[in-house]
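Here's a quick briefing to read with the structure open beside you. Have a look at the model first, then go through the points below.

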Amino acid sequence: MTPLQEAMFSAAVANGGTLMTPYLIQQVTASDLSVVDSTQPKQLSQAVSPAVANNVKQMMEAVTQQPQGTGFAFNANNEGGIVIAGKTGTAQNALNGASPNPDAVFTAFAPADNPKIAVGVILQGAGYGAQAAAPVAVAVIKAYLATLGIQ
């Protein structure tokens, strides 16, 4: 799985099960800042039903909000009043001379009640998802939400 696929997973959950086509450029502007072209959102598929997406969302919130959640202890919870819904992961990967440490994985979206961003982080040989990947995801989320004026 790639970080983009991780982010798409979280984005689909955040979007009620609807998976959108990813794109890299939102708009192209001319030197006078007029918009030359812009990307329009396009549905790729209905990955899961809204009911299933809601159940997964609740579980992802529990990962970061409940004391027994794997993302709770590593500051992925309630950053500045913003609830982050996330999923930690650890992928064993010792093939072809790769690091004996597992790959750290974390995917998330925020704010959980009105999502604006979904991220996926995979750190090769970094250890556990909650310890290594979650702080990276939280930093990206906080930086992006700050550009929107959401603290």
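Which strands does helix H3 lie across, and at about what angle does it run to E7? In this predicted model, H3 (residues 129-147) lies across E5, E6 and E7, and it runs at about 145° to E7.

**The sheet**
- The three strands make an open sheet in the order E5-E6-E7, with antiparallel pairing.
- E5 and E7 (117-123) are the edge strands, each pairing on one side only.
- From one strand to the next, the twist averages 10°.
- E5 and E6 pair in the antiparallel sense over 7 bridges.

- Helix H1 (residues 3-14) lies across E6 and E7, and its angle to E7 is about 150°.

**Around Pro-102**
- Look for Pro-102 in the loop between strand E5 (85-91) and strand E6 (103-110).
- Pro-102 counts as buried because its relative accessible area is 10%, below the 20% cut-off.
- Beyond its neighbours within four places in sequence, Pro-102 is in contact with Thr-90, Ala-91 and Gln-92, and also with Gly-125, Ala-126 and Gly-127.
- Gln-124 is 22 residues from Pro-102 in sequence, with 7.2 Å between the two C-alpha atoms.

**A nonpolar surface patch**
- Leu-24, Ile-25, Val-28 and Val-36 form a nonpolar patch on the surface, together showing about 440 Å² of accessible area.
- Val-36 sits in strand E3 (residues 35-38).
- Val-36 counts as exposed because its relative accessibility is 58%, and the cut-off is over 50%.

How values were computed:
Residues numbered from 1 in each chain as written. Predicted model: local features only at pLDDT ≥ 70, side-chain atom pairs only at ≥ 80, totals over all residues. Heavy atoms only, no water. Helix = DSSP H or I, 4+ residues; strand = E, 2+ residues; numbered from the N terminus. Buried < 20%, exposed > 50% of the residue type's maximum accessible area, 1.4 Å probe, protein only. Contact = heavy atoms within 4.5 Å. Patch = residues over 30% accessible without salt bridge, like charges linked within 9 Å, V, L, I, M, F, W, Y side chains within 5 Å. Areas by Shrake-Rupley, 256 points an atom, 1.4 Å probe, with all protein chains shown as cover. Salt bridge = Lys/Arg side-chain N within 4 Å of Asp/Glu carboxyl O. Pairing = 2+ DSSP bridges. Axes fitted to C-alpha atoms, helices over the stretch in contact; angles between N-to-C directions.
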